[in-house]
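Here are my notes for you on this model. Have the 3D view open while you read, and click on each residue as it comes up.

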Amino acid sequence: MSTQIVAALKAATKGLSFPSESDEPIDVVEWPASGKLDEATIVKLGEEDPRVKVKRITIDELFGNLIASDPDDSVEDRKQATNFMHVVDVLKANLTDINVFRVGQVELNYYVVGTTKAGTWAGIVAPATET
């Protein structure tokens, strides 16, 4: 992983956990682009169980509640919203054709992956537990 976007995403996600029942840290990924980035491809690249349920969602569906800020929110919640807004900004500024995949049902991964200027696929993987 040597692209500028990978470094920018690592900086943006440093110390940031995706809020869920497990609050796991966000990982940064980069893969060679080959063919079409679809459900089958993300399962293969992410080394997921081929029988796992995959659903496409939008970037707004994934991050909408995380970047929404209310004046009544705690300082910590407002800071978290700002941090996630920065992650979204970095993704949108550096990637084209961004795809978001929800892979799994209870223990799952959210993949937010797009195409870099160098022609590779890069993005983030946010592990989550949702019951």
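The points below go through helix packing, the cores, the ring pairs and the salt bridges.

1. Before you start, some ground rules. This is a predicted model, so local features need pLDDT of at least 70 and side-chain atom pairs count only at pLDDT 80 or more, while totals for chains, interfaces and linings use all residues. Residues are numbered from 1 along each chain as its sequence is written, and side-chain values use heavy atoms, with hydrogens and water left out. Helices (H or I, at least four residues) and strands (E, at least two) are DSSP runs, numbered from the N terminus.

2. Let's begin with helix 1 and helix 4. They pack at an angle of about 170°, and their axes are 9 Å apart. Axes here are lines fitted to C-alpha atoms, for helices over the stretch in contact, and angles run from 0 to 180 degrees between N-to-C directions. Angles under 35 degrees count as roughly parallel, over 145 as roughly antiparallel, 65 to 115 as roughly perpendicular and the rest as oblique. Helix 1 and helix 4 are therefore roughly antiparallel. On the helix 1 side, look for Ile5, Ala8, Leu9, Ala12 and Thr13; they meet His86, Val87, Val90, Leu91 and Asn94 of helix 4. Contact means heavy atoms within 4.5 Å.

3. Helix 4 also packs with helix 3, at an angle of about 150° and with the axes 8 Å apart. This pair, helix 3 and helix 4, is therefore roughly antiparallel too.

4. Now look inside. Which residues touch the most other members of the largest nonpolar core? They are Phe18, Leu62, Phe63, Leu91, Tyr110, Val112 and Ile124, out of 27 residues in that core. A nonpolar core is a set of buried Ala, Val, Leu, Ile, Met, Phe, Trp, Tyr and Cys residues joined through side-chain atoms within 4.5 Å. Buried means under 20% relative accessible area, exposed over 50% and partly exposed in between (1.4 Å probe, protein chains only). Helix 1, helix 3, helix 4, strand 4 and strand 5 each supply at least two residues of this core, and helix 4 gives the largest share, 5 residues. There is also a second, separate core of 11 residues, including Leu37, Phe101, Val113 and Trp121. For background, nonpolar side chains tend to be buried together in soluble globular proteins.

5. How many aromatic pairs does a search of the whole structure find? The count is 4. Rings of Phe, Tyr and Trp (its six-membered ring) pair if their centres lie within 6.5 Å; planes under 30 degrees apart count as stacked, over 60 as edge-to-face and the rest as tilted. Take Phe18 and Tyr110: their ring centres are 5.3 Å apart with the planes at 45°, so the pair is tilted. Phe18 sits in the loop between helix 1 (4-13) and strand 1 (27-31), and Tyr110 is in strand 4 (residues 107-115), so this pair ties together parts 92 residues apart in sequence. Phe18 is buried at 5% relative accessibility, and Tyr110 is buried at 6%.

6. Phe63 and Phe84 make a tilted pair as well, because their planes are at 45°, with the ring centres 6.0 Å apart. Phe63 is in helix 3 (residues 59-67) and Phe84 in helix 4 (residues 75-94), so the pair ties together parts 21 residues apart in sequence. Both Phe63 and Phe84 are buried. Ring pairs join Phe18, Phe63, Phe84 and Tyr110 into a cluster.

7. Last, the charged pairs. The whole structure has 3 salt bridges, each a side-chain nitrogen of Lys or Arg within 4 Å of a carboxyl oxygen of Asp or Glu. In one of them, Arg56 pairs with Glu39, with the closest N and O atoms 3.3 Å apart. That links strand 2 (residues 54-57) to helix 2 (residues 39-45), with Arg56 and Glu39 17 residues apart. Arg51 and Asp49 form another, at 2.8 Å between the closest N and O atoms; Arg51 is exposed at 73% relative accessibility, whereas Asp49 is partly exposed at 34%. Arg102 and Glu130 also meet in a salt bridge, 2.8 Å from N to O.
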